[in-house]
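This report describes a predicted model.

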Amino acid sequence: MTTSEASDYTELINAVAECPMNLDDVDLFAPGAQEHWQEAYKILHTESPVQRIPGEGSTPDTDGFVITKYQDIYDIVRDPWTFPQPGFAGTEGNSTAGMSTEDGDSSALADAMALNTLRPNLELHKAHRIELTDPWVGATGAPRHRPMVTKFVDQLIDEWIDRDPAEIEFVEEFAAPLPQLVMTTILGWPLEDLEILRKWGQAQVRRFVYGQGHRNIMSDAEELENAKDLGEFMAYVQEQVTHKRNNPGDDMTTFLTQVTYQAMNRKLTDNEVIGVLFGMHIGGLETTQYAIAAEAQLLAENPELFRQLKADPSQVRFFAEEGMRIHAPTQGLSTRLAAKDVEIRGVPIPKGSILHLRYGAANLDDEEYPCPADVDLARPNTGRHMTFSQGIRVCPGAGISRLEQNIAWERLTQRLDSLEFIPGKNDFRHQPGIMLGLWELHMQFTKAAGSGG
Amino acid sequence: MRDERELAGTPGPAGDAPAVERTYRKPPPLHGRESHIRIFDPDNEARRVYGETQRSRDGSLPQEDDGPSAVLKALDPFWTRGIIPEESDSDDDGA
């Protein structure tokens, strides 16, 4: 992610935090803290599984609370009445400022698009997923994209597999472009627009990277600048919608312009289509990039694992789940409000408090996953991680993200004999914010005998 | 608890996996565990406040099988491995 014109994030990007040794040292949102989150989670799980953040609730006189235990998050995401999303219909008076939604809408965006997302309540939220997004990026629709995703995976590998020396910057040359190519194709937008779409995609997740604290708050200047980028993006999407109404194709944008939404028994307006497309674009890019890059790191750290996947590709699906569990791309979101007074593990949480659900910590809860930092392809609860959240608001794009990760590693492990770090060239630094994204990953590889170039 | 070995050859987003014999440990049960969350209003005021908009029109509450889970379950049991608890989970001793 590049820095913006109005803001200089150099200090934030280069910040170094000390590894926490005790609870007093733990601040998940401090600059540089992302490099020590796993250590911090161990401390929080043991000493403060429900950690209060004074004054950072839905109003200045309420608090935020970081929730890190797996079972607590499991219970919370399944009780949207006690723990609704801020700003969701029925939560009048609770500002969405600085908030985000689990399925990918950033907050200012969510404010702007709230009337057009077609999901004012849980019932329509469900219908929205089943009727509008599942056929394209959910578990039902994603598998039909296998040939297209495989083609892009092989094209990207072709670009560097015969290189001498056999080295790549894995993030820029594989992990980032793959989801861009796939999502742009699914949406039916021109691939020649990839560069500008990437810029707008970064604007969509900007608050999650450079926003402050658990609510991802940006300054007024940053909001203004971001709004400019997102305004440009909205105009672009409107152009695409208009184009597809006149020139239909086999793509999601066309589908949305033509479908009769059974839940409302009518077709969608342009603004409603744009609202859905915004969500698809933000959700389909960065997170999958981070997952694939983190999985490359895991494989380079475990060469035997690479050989195991190469020998038995049926294990790739379990590896991808373990990769997403250990390095969840979205580590946490402040997406739940306490609608009434509750108590979690003895910690009183007054009505109006904001809950920061730390999915990345839940995934590393040793009560749920013994030896949580280990890749264990035989874990009995592999698919139960919190990376896509759970419950009725589970990530709608989980299907396409899983498909991309699976095909990526199926092809990479078949076309390469090894994938290793280039010695001395990696610092393994992650971008700031609440998402766990490697900046870069310099790797060397060995082409498999018989692999096409 | 279903026998997870039945799932090994299930086609899914990752393609047609070979029907290899594979022994899975049983996932630990989630339902039936004691929650650490205490809600102070036994009448659940929040459900009254948000009920009009956040529950189904027939008044039912969301179920585990609502939303994509039911679709997932029908499509490919792999993806729900450990997600959709079986009734017999309550008799499961866990991993």
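## Salt bridges

A:Arg198 and A:Glu172 are joined through their side chains by a salt bridge, with N and O 2.7 Å apart. A salt bridge is counted when a side-chain nitrogen of Lys or Arg is within 4 Å of a carboxyl oxygen of Asp or Glu. This pair links distant parts of the chain, 26 residues apart: A:Arg198 belongs to helix 9 (residues 194-204) of chain A, and A:Glu172 to helix 7 (residues 170-175) of chain A. Helices are DSSP runs of H or I with at least four residues, strands are E runs of at least two, and both are numbered from the N terminus. A:Glu172 is partly exposed because its relative accessibility is 42%; the classes are buried under 20% relative accessible area, exposed over 50% and partly exposed in between, with a 1.4 Å probe and protein chains only.

Which residue forms a salt bridge with A:Arg266? The partner is A:Glu272, and the closest N and O atoms are 2.6 Å apart. A:Arg266 is partly exposed at 30% relative accessibility, whereas A:Glu272 is buried at 7%. A further salt bridge, at 3.1 Å from N to O, is made by the side chains of A:Glu368 and A:Arg384. Both residues lie in the loop between helix 17 (359-362) and helix 18 (398-415) of chain A, so the pair ties together parts that are 16 residues apart in sequence. A:Glu368 and A:Arg384 are both buried. Elsewhere, A:Asp154, A:Asp158, A:Arg411 and A:Arg415 form one network through salt bridges that share partners. Over all chains, the count is 25 salt bridges.

## Basis of the values

Residues are numbered from 1 along each chain as its sequence is written, and chains are lettered from A and ligands numbered from 1 in the order in which they are written. In this predicted model, local features need pLDDT of at least 70, side-chain atom pairs count only at pLDDT 80 or more, and totals for chains, interfaces and linings use all residues, while side-chain values use heavy atoms, with hydrogens and water left out.

## Buried positions in chain A

A:Ile292 is placed in helix 14 (residues 286-301) of chain A. Its relative accessible area is 0%, so A:Ile292 is buried. Not counting residues up to four places away in sequence, A:Ile292 touches A:Phe170, A:Phe174, A:Ala175, A:Leu178, A:Gln405 and A:Trp409, where contact means heavy atoms within 4.5 Å. The C-alpha atom of A:Ile292 is separated by 37 Å from that of A:Asn246, 46 residues apart along the chain.

A:His430 is in the loop between strand 10 (416-421) and strand 11 (442-447) of chain A. Is A:His430 buried or exposed? A:His430 is buried, because its relative accessible area is 11%. Leaving aside neighbours within four places in sequence, its contacts are A:Gln34, A:Glu35, A:Leu436, A:Gly437, A:Leu438 and A:Trp439.

## Helices 15 and 16

In helix 16 (residues 316-326) of chain A, 11 of the 11 residues are buried. Among them are the charged residues A:Arg317, A:Glu321, A:Glu322 and A:Arg325. The cover over the buried residues of helix 16 includes helix 2, helix 14, helix 15 and helix 18 of chain A.

A:Arg307 is in helix 15 (residues 303-311) of chain A. With a relative accessible area of 47%, A:Arg307 is partly exposed. Between the C-alpha atoms of A:Arg307 and A:Leu181, 126 residues apart along the chain, the separation is 28 Å.

## A negative surface patch

A:Glu18, A:Asp24, A:Asp25 and A:Glu47 form a negative surface patch. Patch residues have over 30% relative accessible area and no salt bridge, and like charges are joined within 9 Å. A:Glu18 lies in the loop between helix 1 (10-14) and helix 2 (37-47) of chain A. This residue counts as exposed because its relative accessibility is 72%.

## Chain B

Chain B has two helices and one strand, in the order β-α-α from the N terminus. Of its 95 residues, 41% are buried. Among contacts in chain B between residues at least 6 apart in sequence, 56% join residues at least 24 apart.

The accessible surface of chain B is about 5,400 Å², and 46% of this belongs to carbon and sulfur atoms. Accessible areas come from the Shrake-Rupley method with a 1.4 Å probe.

Methods
Patch = residues over 30% accessible without salt bridge, like charges linked within 9 Å, V, L, I, M, F, W, Y side chains within 5 Å. Charge placed at Lys NZ, Arg CZ, Asp CG, Glu CD.
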